[in-house]
Amino acid sequence: MQPFTTLTSTPAPLKVINVDTDMIIPKQYLKTIKRTGLGTALFSEMRYKDDGSENPDFVLNQPAYRKSEILVAGDNFGCGSSREHAPWALLDFGIRCVISTSFADIFYNNCFKNGILPIVVSPEDLEKLFDDADRGSNATLTVDLEKQQITGPDGGTVSFDIDPFRKHCLMNGLDDIGLTMEKAPKIEAFEEKLKARAWA
């Protein structure tokens, strides 16, 4: 998993509340168990017209936001079913950070396991960040995980809270497998003891 330390990007404003996981990645794309290739299907029902062409009104199709790595979204982001394909699709598109006032618990947890930083801010701070995002390519946000701080284009800052263990995992690129591998020496020593007992 790619470590997350600091991230600077033009933020994309998605002013929609209750964005559920089916909106993030519709059910017809859930047949795959690969974490890659889902970026083109991200928000597909909002992003594309019925004939398959792009909807020019959707934020991620607009020139300023096509390469956004930060998504500023409305309340209760990631609600609905627990599909892990939702963070897979966001990450495959290039989104590394989602900022909202609230997240569904399972989606929030899945983000950390897949290298995405979900940040909870107050409604007042979210409005400020939406204002920054509305400025398009003329504005960027910098997210500093070590300082737990978002810096806007005019130098203003927003602080955020994060669980210390999750922060450690993101900054060091540790998913569940990576955490297990950190314990590899202890696991090997334990297995050697078991072998010794079996032959005793």
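This is a predicted model: local features need pLDDT of at least 70, side-chain atom pairs count only at pLDDT 80 or more; totals for chains, interfaces and linings use all residues.
Me: What makes the approach of the Ser68 side chain to the backbone oxygen of Thr10 a polar contact?

Reply: A polar atom of the Ser68 side chain lies 2.9 Å from the backbone oxygen of Thr10, and a polar contact is a pair of N or O atoms within 3.5 Å (within protein, one must be able to donate a hydrogen and the other to accept it, and residues adjacent in sequence count only if both atoms are side-chain atoms).

Me: How do you know whether Ser68 is buried or exposed?

Reply: The relative accessible area of Ser68 is 2%, so Ser68 is buried, since buried means under 20%, exposed over 50% and partly exposed in between (1.4 Å probe, protein chains only). Ser68 lies in the loop between helix 2 (44–47) and strand 3 (70–73); helices (H or I, at least four residues) and strands (E, at least two) are DSSP runs, numbered from the N terminus.

Me: How many disulfides does a search of the whole structure find, and what is the cut-off?

Reply: The search finds zero, a disulfide being a pair of cysteine sulfur atoms within 2.5 Å. For Cys79 the nearest cysteine sulfur, that of Cys111, is 13 Å away, and Cys79 is in no disulfide. Cys169 is in none either, with the sulfur of Cys111 as its nearest at 14 Å. Cys79 is buried at 14% relative accessible area, and Cys169 counts as buried at 8%.

Me: What makes strand 2 and strand 3 a pair, and in which sense do they run?

Reply: Two strands pair if DSSP finds at least two bridges between them, and strand 2 and strand 3 pair in the parallel sense over four bridges. Leu14 stands opposite Ala73 in strand 3. The open sheet of four strands has the order 2-3-4-5, with parallel pairing, and its edge strands, each pairing on one side only, are strand 2 (11–14) and strand 5 (117–120).

Definitions and conventions. Residues are numbered from 1 along each chain as its sequence is written. Side-chain values use heavy atoms; hydrogens and water are left out.
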